Amino acid sequence: MKLWGGRFTKETNDLVNKFNASLRYDQRFFRQDIEGSIAHVTMLAAQNIISQDDKLAIIGGLNSIKSDLENGTLVFDTESEDIHSFVEANLIERIGEPGKKLHTGRSRNDQVALDMKLYVRFELQRTDSLLKDLLTVINNIMKENIETYMPGFTHMQKAQPVTLAHHFGAYFEMFKRDRSRLESTYERLNYCPLGAGALAGTTYPLDRELTAKLLEFYGPTANSMDSVSDRDYVLEYLSDLSIIMMHLSRFSEEIITWNSNEYHFVEIDDTYSTGSSIMPQKKNPDVAELVRGKTGRVYGALVSMLTTMKGLPLAYNKDMQEDKEVTFDAIDTANDCITLFAGMLDTISFNKDAMEDSAKKGFTNATDAADYLVGKGVAFRDAHSIVGRLVLYCLDKGIALDDMSIEEYKAISDVFEEDIYEAIKLKTCVEKRMTIGAPGFKVMQEVVAKNEAYLDEE
């Protein structure tokens, strides 16, 4: 049933109907549509625009539609243009004349703006909850690995020794910032567009403050034209999701690398791995690879929406119907990726010996050897050169700095003494780094405790 048929004398072309219809995808926010309609008629009755009896009849009908959709008694048809016309047509069929009063003082423009805001608000909160679960997994791993030594990297080359806790702590900070971005988006999003009408408000004495309160918004939006044409909150949420996916993709790349035979830092649990159809020895990190791959899909949704919105004049334009499919897909993709990645991390095993051995063989303690010489009175530039010669010697011999004899050390510089071995131990190298943000034991203990307090805040 078309809500706008009175103006027309000809039937709409079938292809136009299919091209124009959105029910196949906007049906997913039927709950939000019904929730918004209940708030709307509650306000209409409070303002004596409709009677209390009509209000009760409409709310009863709407709740029955919601219940029937949830239990499968009612199914979405192919005749309705969108979720709004589907709900209204079913309501009129169920309760008769009172159902025709549902749309009093309302346009589909402010109705769809409301539905989209309610849906995005709900999903944004779900994304935040999933990120909190992921952060809990990360912090648990940090807590258990404050003394798990491994190489830190720059330029994909081993650089200095760190700990697994320190490395994972970097991702904790990233996802913590992601939650902060979601919170900021929520703050700007949470104003109610209902009551804006098509673009210029309405002559009915609507109480927009009441409607906003019923729907748990901070208040009504301030400009009716902006209310129906604003999709900034969609763009912001898609931007937030894109950054989250970027962080997940970086993390995935490291897990994939660490899972390789060359590194063997991690063993991904069988429940989060797959095999090869032809190579029986293979155990593939498909979850991490798919997360990395799906990042582009979420980026695409953001670019698509930016492109859709970039040339639109005020106020509402049909182009904005394109906000739904890409946004729904991006939300589903990102939330699934967060969930699966958290599960993979929670079940992963770490090969601590391989990590420590890799740090030793990668000369990650070379800087500390130079600092040792500086402590003995050698100028840093000279110390840098001496240790460079040590590394060349070790490369030629196929050994680590820890494996050199004191005679070999002294052959390059007689400043070295027996205490060099203690100075370049991985534990010593890490423990000396005690500034805020460094991987030292006490520092990381404090970080883990702060993380726990942060996670317990809500």
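Visitor: Is Asp 419 buried, exposed or partly exposed?
Guide: Asp 419 is partly exposed, at a relative accessible area of 36%; buried means under 20%, exposed over 50%, and partly exposed in between (1.4 Å probe, protein chains only). This is a predicted model, where local features need pLDDT of at least 70, side-chain atom pairs count only at pLDDT 80 or more, and totals for chains, interfaces and linings use all residues. Residues are numbered from 1 along each chain as its sequence is written, and side-chain values use heavy atoms, with hydrogens and water left out.

Visitor: Which side chain does Asp 419 meet in a salt bridge?
Guide: That of Lys 376, at 3.1 Å, N to O. A salt bridge is a side-chain nitrogen of Lys or Arg within 4 Å of a carboxyl oxygen of Asp or Glu.

Visitor: How many salt bridges in the whole structure?
Guide: A search finds 27. Among them is Asp 54 with Lys 101, at 2.6 Å, N to O.

Visitor: Is Asp 54 buried or exposed?
Guide: Asp 54 counts as buried at 12% relative accessibility, whereas Lys 101 is partly exposed, at 36%.

Visitor: Which residues form a network of salt bridges?
Guide: Glu 81, Asp 82, Arg 108 and Lys 318 are linked that way.

Visitor: New topic. What does the side chain of Ser 229 reach?
Guide: The backbone oxygen of Met 225, at 2.8 Å. Ser 229 is buried, at 11% relative accessibility.

Definitions and conventions: A polar contact is a pair of N or O atoms within 3.5 Å; within protein, one must be able to donate a hydrogen and the other to accept it, and residues adjacent in sequence count only if both atoms are side-chain atoms.
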